[in-house]
Amino acid sequence: MPVTPLHDWNLAPRDAIELQKRLAGRVEREDRLDPVHHLAGVDIGFEQNGAITRAAVVVLAWPPVASGEFKPATLEIVERVVHREPTRMPYVPGLLSFREVPAALGAFEQLTTWPQLAMVDGQGIAHPRRIGVASHLGLWLDLPTIGVAKTRLCGRHDEPGPARGDWTPLVDGPDDEVIGAVLRSRVTVKPIFVSPGHRVSLATALDWVIRCLGRTKLPEPTRLADRLASRRGR
């Protein structure tokens with residue numbers, strides 16, 4: 001699908017921060033989704049001590065083939081893409097999207113099946129300037145995205161309950177702005193951090209992540225993408 005570039009990637013950290021502040025106002029936090037027939041998982045890894053960025057996208061058919069209770073085996077994998085390119089920016093806290101999104105865009109360019117929703121391993125608006133990897137990618141592609149992170153980048157929260165599906169709000173700032181949810185995705189396992197990326201509300205983001213939980217901590221789309229990005233799924 002043709003994509004109109006938002007900006008140049010060759011930016012100094014100071015300029016990248018100023019750009020984030022401007023782009024954050026364009027991130028949509030309410031639902032604007034088409035019916036979902038294909039759902040993507042996105043994850044980014046690195047090779048050669050960080051010199052090469054490795055982006056993985058897995059596209060799944062939705063709804064699952066079998067009706068009834070969701071099981072990972074009922075999700076049909078339609079397409080897998082791995083894209084490698086030289087890493088464009090060193091690691092700078094808060095600027096991870098400038099390091100990861102270019103390679104992710106390269107992977108999306110190779111897709112023959114376009115998803116209506118993508119789950120991204122990383123933050124959405126749960127970011128100091130409210131534009132993490134999932135939000136930045138969603139803006140570039142004008143695609144509904146959800147951030148699913150393994151760790152917290154910013155904000156405060158109470159511990160969610162012990163049962164699978166229990167969650168508590170992730171808040172930030174003096175006004176306790178709700179920027180995501182801390183979700184118990186598996187009993188006795190540390191929670192994950194879910195936040196809207198672009199064109200998705202928090203309630204919808206949580207609903208999709210919970211619907212896609214399988215036997216492991218991560219929802220199936222990002223679990224499968226993580227395996228490819230880390231080369232465990234080759």
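This is a predicted model: local features need pLDDT of at least 70, side-chain atom pairs count only at pLDDT 80 or more; totals for chains, interfaces and linings use all residues.

Visitor: Okay, is His136 buried or exposed?
Guide: His136 is buried, because its relative accessibility is 0% and buried means under 20%.

Visitor: Which residues does His136 touch, if we skip those up to four places away in sequence?
Guide: His136 touches His7, Trp9, Leu23, Ser97, Phe98, Val101 and Ile131.

Visitor: How many residues apart in sequence are His136 and Leu23?
Guide: They are 113 residues apart in sequence, with 8.2 Å between their C-alpha atoms.

Visitor: Why give both an angle and a distance?
Guide: Because two packed helices are described by the angle between their axes and the distance between the axes.

Visitor: Is the α2 and α3 crossing left-handed or right-handed?
Guide: The crossing of α2 and α3 is right-handed.

Visitor: And which residues meet there, between α2 and α3?
Guide: From α2 you have Leu96, Ser97, Phe98, Glu100, Val101, Ala104, Leu105 and Phe108. On the α3 side they meet Val133, His136, Leu137, Trp140 and Leu141.

Visitor: New topic: rings. How many aromatic pairs does the structure hold?
Guide: The structure holds four aromatic pairs. One of them is Trp9 with Trp140, a stacked pair at 5.3 Å centre to centre, with 15° between the planes.

Visitor: Where in the chain do Trp9 and Trp140 come from?
Guide: From distant parts: Trp9 is in the segment before α1 (13-24), while Trp140 is in helix α3, and 131 residues separate them.

Visitor: Are Trp9 and Trp140 buried or exposed?
Guide: Both Trp9 and Trp140 are buried.

Visitor: What about charges? Which ring does the charged end of Arg99 sit over?
Guide: The charged end of Arg99 sits over the ring of Phe46, 4.3 Å from the ring's centre. There is also Arg211, whose charged end sits over the ring of Trp208, 4.2 Å from the centre of that ring.

Visitor: You mentioned Trp208. Which residues of helix α4 are buried?
Guide: Trp208 is among them, along with Leu202, Thr204, Ala205, Leu206 and Val209, in a helix that runs over residues 202-211.

Visitor: What covers the buried residues of α4?
Guide: The cover includes the strands β1 (38-47), β4 (117-121), β5 (145-149), β6 (167-172), β7 (177-183) and β8 (192-198).

Visitor: Now the backbone. Which peptide bond is cis?
Guide: The bond from Trp62 to Pro63 is cis, with omega near 5°. Pro63 belongs to the loop between β2 (52-61) and β3 (77-86).

Visitor: And what is the phi of Arg130?
Guide: Arg130 has a positive phi of about 65°, although Arg130 is not a glycine. You'll see Arg130 in the loop between β4 and α3, and Arg130 is buried at a relative accessible area of 13%.

Visitor: What about Asp142, what's the phi there?
Guide: Asp142 isn't a glycine, yet has a positive phi of about 50°. Asp142 lies in the loop between α3 and β5 and is partly exposed, with a relative accessible area of 42%.

Visitor: One last stop. Where is Arg29?
Guide: Arg29 is in the loop between α1 and β1, and counts as partly exposed at 32% relative accessibility.

Visitor: Which residues is Arg29 in contact with, leaving aside neighbours within four places in sequence?
Guide: Arg29 is in contact with Ile125, Arg130, Glu177, Val200 and Ser201. Arg130 is the residue with the positive phi of about 65°.

Note on methods
Residues are numbered from 1 along each chain as its sequence is written. Side-chain values use heavy atoms; hydrogens and water are left out. Rings of Phe, Tyr and Trp (its six-membered ring) pair if their centres lie within 6.5 Å; planes under 30 degrees apart count as stacked, over 60 as edge-to-face and the rest as tilted. Helices (H or I, at least four residues) and strands (E, at least two) are DSSP runs, numbered from the N terminus. Buried means under 20% relative accessible area, exposed over 50%, partly exposed in between (1.4 Å probe, protein chains only). A charge sits over a ring if NZ of Lys or CZ of Arg is within 6 Å of the ring centre and within 35 degrees of the ring normal. A crossing is left-handed if the near helix is turned anticlockwise from the far one by less than a right angle, and right-handed if clockwise. Contact means heavy atoms within 4.5 Å.
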